[in-house]
Amino acid sequence: MDLLNTLVDKGLRRELPTREEALAVLATSDDDLLDVVAAAGKVRRQWFGRRVKLNYLVNLKSGLCPEDCSYCSQRLGSKAEILKYTWLKPDEASQAAAAGVAGGAKRVCLVASGRGPTDRDVDRVAQTIAAVKEQNEGVEVCACLGLLTDGQAERLRGAGADAYNHNLNTSEATYADITKTHTYADRVDTVRKAHAAGLSACSGLIAGMGESDEDLVDVVFSLRELDPDSVPVNFLIPFEGTPLAKEWNLTPQRCLRILAMVRFVCPDIEVRIAGGREVHLRSMQPLALNIANSIFLGDYLTSEGQAGKADLEMIADAGFEIEGTDQVTLPAHRVDADAAAGCGSHDGGGCGPCGSGEPAAKADEARTDLVAVRRRGAGTDLAPNA
Ligand code: SF4
């Protein structure tokens, strides 16, 4: 297929595809799907070998958010019966993080619900970062605390954070349809602040919110322009009790095409399969490892993932290997560029569950049976899943 040969050539040269080429990936047929995965796999292996980076989420503060992001179970007015708790103490967060690290995670993502941190919250998170780093030698820490004000990114960097996650989520054109309490420009501003402070920028998207193929391509091209080190690709978990509860419009095939499109646009960037992996890719998860080089281990912020042990077995069975703390995630040219820009050599992380154009596969049926609210780990007395 000419399209795929062109995209592989471009990906191996780190050359941006055209918008038309990216759209064409989303429009491929089910008959071509394995060829699409194989082509994206060539680009993935060129820059990331067969390594899979494991990231572990710790929800520092859950629910009760004043923002209205319609995809989020923690939003203002959410009726989802999620765990709700205020800030974990540093040692509680560190204990949860240690379970993830013991399970093979090299990055811990410290996430808090809310519009953004107060300066007092930043102090609190600074203590948590110190506790996590003290207990887990060599671990990377990514903070995900919402919109940042001036100086906060620098303080987090000074406290030892390696990365900052803030997702763009969807295209600029549709942003106001999913959130009214802040803007797309606010989100871009925070990613830029993190970047400028020398934090590794992590920023991604959520697919399955009713967006068009054009919206998906728009957001991925916008992400690429922001030059993050990592791009988490979330597949909407339509939580009962949120405005998007009925948006069951993804199929495993569609998810694979979306991941492949992201890989072609971001060939040498860490592409992470984030929230919704088990719910939407289901038994196709191992195939997706041929495209993405990073996943979350265990549970998500407010929902349960498959058992951490099953994640590890899946990676081994598919012929991939867990990336160790002694291995650098990003290709040398990106690490060198960061170092030259004074940004250090760390790489990026992500948080949270956070289209039209079904070319061949029909829209998915509601799989509410696959959505389980998290009832273990951080904020509970039960052991974390890792
Ligand atoms: S995504 Fe973040 S800011 Fe938006 S409602 Fe959820 S917790 Fe709040």
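Guide: Please bear in mind that this is a predicted model. Arg14 has 16 other C-beta atoms within 10 Å. A residue is buried at 20 or more such neighbours and exposed at 12 or fewer, so Arg14 falls in between and is partly exposed.

Visitor: Where is Arg14 found, and what is its phi?

Guide: Arg14 is found in the loop between α1 (2-12) and α2 (19-26). Most residues other than glycine have a negative phi. Arg14 is not a glycine, yet its phi is positive, at about 60°.

Visitor: Leaving aside neighbours within four places in sequence, with which residues is Leu259 in contact?

Guide: Leu259 is one of the core residues that touch the most other members. Once its neighbours within four places in sequence are left aside, its contacts are Val233, Val271, Ile273, Ala288, Ile291 and Ala292.

Visitor: How do α3 and α10 pack, and what is the hand of their crossing?

Guide: Helix α3 (residues 33-48) and α10 pack at an angle of about 35°, and their axes are 9 Å apart. Among the residues that make the contact are Val36, Ala40 and Val43 of α3 and Leu256, Ala260 and Phe264 of α10. By class, this contact has 8 nonpolar, 1 polar and 3 charged residues. The crossing of α3 and α10 is left-handed.

Visitor: What is the hand of the crossing of α9 and α10?

Guide: Helix α9 (residues 213-226) packs with α10 at an angle of about 35°, with the axes 10 Å apart. The contact is made by Leu216, Val220, Phe221 and Arg224 of α9 and by Ile258, Met261, Val262 and Val265 of α10. These residues divide into 7 nonpolar, no polar and 1 charged. The crossing of α9 and α10 is right-handed.

Visitor: How far apart in space are Phe264 and Ala22?

Guide: Phe264, found in helix α10, counts as buried because 27 C-beta neighbours lie inside 10 Å. Not counting residues up to four places away in sequence, Phe264 touches Leu7, Gly11, Pro17, Ala22, Val25, Ala40 and Val43. Phe264 and Ala22 are 242 residues apart in sequence, but their C-alpha to C-alpha distance is 7.6 Å.

Visitor: And how far apart in space are Arg19 and Glu214?

Guide: Arg19 is found in helix α2 and, with 14 C-beta neighbours inside 10 Å, counts as partly exposed. Beyond four places in sequence, Arg19 touches Val217 and Phe221. Arg19 and Glu214 are 195 residues apart in sequence, and from C-alpha to C-alpha they are separated by 8.7 Å.

Visitor: Which residues come nearest to the ligand?

Guide: The shell around the ligand has 4 nonpolar, 3 polar and 3 charged residues. Of the 10 residues around the ligand, those that come nearest are Cys65, Glu67, Cys69, Cys72 and Ser113.

Notes
Residues are numbered from 1 along each chain as its sequence is written. This is a predicted model: local features need pLDDT of at least 70, side-chain atom pairs count only at pLDDT 80 or more; totals for chains, interfaces and linings use all residues. A nonpolar core is a set of buried Ala, Val, Leu, Ile, Met, Phe, Trp, Tyr and Cys residues joined through C-beta atoms within 7 Å. Two residues are in contact if their C-beta atoms, placed from the backbone, lie within 7 Å. A residue is near a molecule or strand if its C-beta atom, placed from the backbone, lies within 6 Å of it. Ala, Val, Leu, Ile, Met, Phe, Trp, Tyr, Cys and Pro count as nonpolar, Asp, Glu, Lys and Arg as charged, and the others, Gly among them, as polar. Axes are lines fitted to C-alpha atoms, for helices over the stretch in contact, and angles run from 0 to 180 degrees between N-to-C directions. Helices (H or I, at least four residues) and strands (E, at least two) are DSSP runs, numbered from the N terminus. A crossing is left-handed if the near helix is turned anticlockwise from the far one by less than a right angle, and right-handed if clockwise.
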